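Below are some notes for a colleague who is going through this entry.

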Amino acid sequence: MADKTKYLSWLDENASLFSDVSDKIWEYAELSLMEYKSCALYVEELKKQGFTVETPVANIQTGFKATYGSGHPVIGILAEYDALSGLSQIAGATHREERIKNGTGHGCGHNMLGAGSMAAACAVKKYLEDKGPGHGTVIFFGCPGEEGGAAKAFYARDHVFDGVDIALTWHPGDINAVRTGSCNSCIQTEYRFTGIASHAAGSPDKGRSALDAVELMNIGVQFLREHMPDHDRIHYAITDAGGNSPNVVQPHARVLYMVRSELSKNVRKLQARVDKIAEAAAMMTETKMEKRFIDGCGNTVPNLVLEKLMYKNFEEVGVPTYTPEEIAYAQAIVDGYELPSDGLPGRGDFYEDPESQKYIAEKSNNGKKPLNDFLMPFVHSNQMSAGSTDVGDVSWLVPTVQCSAVGFISDAPGHSWQNVSSGCTSIGHKAVLTAGKVIASTAIDLYESPETVKAAKDEFESIVVPAGGYCCLVPDDAVPTKIDDPWD
């Protein structure tokens, strides 16, 4: 067996490289499918590290694929690097303070995610260099637009993951854990209504309001909520309200919808019902309705074999320790929460047994610790979470596993300024290094153990084949679309 400590030590020695990448991506804070600086930075650094880099990928300009090695197993390591709108924030601040007015920020921690995955890929490359040709291949996939673009789903549709044996990734969180369970499938669609402008007082009968159509669509969807499964979700944002003049009948308006259900076949059914409501709103207002597909992604398929292996490596790597200054910073953020938590960290439905709950309560000081400096108990589950990720599409094609490392303050809201603040601090840097070590260690074990790769594949086939295989939600004619792209 390989001496993994050699490669983990290399990560320690080169930690500043990866924390610098994380901080630069944090500063760029580019929105989905617009991560041009972030992509360029990764391409430059990966070439320096000796990878063969391909960009763009699947006609996505900010996508890339970095490869090293030869032979099987082929292990894919996934990276994300898109930010969110309206979340600009000063790094390390304990209160809301924008860095750039109305700017963007990494509220989901994808700056850390990509850098940690890059750290793992680079350590694995060092291992493959030592082993020599034919011992295996590592592919570092740069996957843009997780927050709105679903590059992995487009990659899946276009067979970018063909030939990959195992996929590994991670996500920053407020706990250290190996992730399990499933999530919702999701479709995003934008609806455009076109009406007729007129004087709202002088000739209202001459106008046909596109904004009325959007509002009636939204009302129709509100009534739909009573008649859909409990775990399904529908969200919307009005992206064009038709202008700022109330004395003009609005001739144009747009609304973006996100529809979620556990299985791809079910989200398609729910999406069809939302489409009917949009059509009806257009009929009621005598406006024209058009729609365009933005993205779609499947639910995740858990893999017990890989989860157990990654957990073993997480135990061996260990979790970060924190300085008094880091703890004080985290406590100040916790003290400022508008809605304080009264629960334990982690999802309760994953950790239902009394022993796990007791362990988590003791380690987290009954949920009062500002930084969760322990590894959550191992659990394998099929429980579903309400969110969505395009990692799900990968998991329907390739046995996939992911972990979480603490880059956020305990119980920080998702997609929040608090996450942006901590993501560019020493706490975030420790998350990057921890995740890199866990993923690299897991990958090395897989290269050293063909029987584990086979077991993971056998489990994967036992789940995916009876379910009918992968159902891609991205239509054949769909193209990656940014929200602000002009309509045809």
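1. Helices here are DSSP runs of H or I with at least four residues, and strands are runs of E with at least two, both numbered from the N terminus. The model is a predicted one.

2. Start with the nonpolar surface. Leu216, Ile219, Phe223 and Met284 make up a nonpolar patch there, and together they have about 410 Å² of accessible area. Which helix gives the largest share of this nonpolar patch? Helix H6, residues 210-224, supplies three residues, the largest share. Phe223 is located in helix H6. Phe223 counts as exposed because its relative accessibility is 59%, and the cut-off for exposed is over 50%.

3. Glu352, Asp353, Glu355 and Glu362 come together on the surface as a patch of negative charge. Asp353 sits in the loop that runs between helix H9 (324-335) and helix H10 (354-363). With a relative accessibility of 36%, Asp353 is classed as partly exposed.

4. Glu459 belongs to helix H14, residues 450-464. Glu459 is buried but has no salt bridge. How far away is the nearest side chain of opposite charge to Glu459? That side chain is Lys308, at 8.5 Å, whereas a salt bridge requires the nitrogen and the carboxyl oxygen to be within 4 Å. A polar atom of the Glu459 side chain does lie 2.9 Å from the backbone nitrogen of Val305.

5. The other case is Asp232, placed in the loop between H6 and strand S8 (233-240). Asp232 is likewise buried without a salt bridge. For Asp232 the nearest side chain of opposite charge is that of Arg233, 6.9 Å away. What joins the side chains of Asp232 and Ser261? A polar contact of 2.8 Å links the two side chains.

6. Next, the peptide bonds. Most peptide bonds are trans, and most residues other than glycine have a negative phi. Thr55 and Pro56 are joined by a cis peptide bond, with omega at about -5 degrees. Pro56 falls in the loop between strand S1 (52-54) and strand S2 (64-70). Another cis bond runs from His72 to Pro73, where omega is near 5 degrees. Pro73 is in the loop between S2 and strand S3 (74-79). Please check both bonds in the view.

7. Positive phi values also need a comment. His159 is not a glycine, yet its phi is positive, at about 65 degrees. The loop between helix H5 (151-157) and strand S5 (166-173) holds His159. Is His159 buried or exposed? His159 is counted as exposed because its relative accessibility is 53%.

8. Asn366, again not a glycine, has a positive phi of about 55 degrees. The residue lies in the loop between H10 and helix H11 (391-395). Its relative accessibility of 52% is why Asn366 counts as exposed.

9. A last point concerns the start of the chain. Ala2 is partly exposed because its relative accessible area is 23%. Between Ala2 and Glu146 there are 144 residues of separation in sequence and 34 Å in space, taken from C-alpha to C-alpha.

Notes
Residues numbered from 1 in each chain as written. Predicted model: local features only at pLDDT ≥ 70, side-chain atom pairs only at ≥ 80, totals over all residues. Heavy atoms only, no water. Patch = residues over 30% accessible without salt bridge, like charges linked within 9 Å, V, L, I, M, F, W, Y side chains within 5 Å. Areas by Shrake-Rupley, 256 points an atom, 1.4 Å probe, with all protein chains shown as cover. Lys, Arg positive; Asp, Glu negative; His and termini not counted. Charge placed at Lys NZ, Arg CZ, Asp CG, Glu CD. Buried < 20%, exposed > 50% of the residue type's maximum accessible area, 1.4 Å probe, protein only. Polar contact = N/O pair within 3.5 Å; in protein donor to acceptor, adjacent residues only side chain to side chain.
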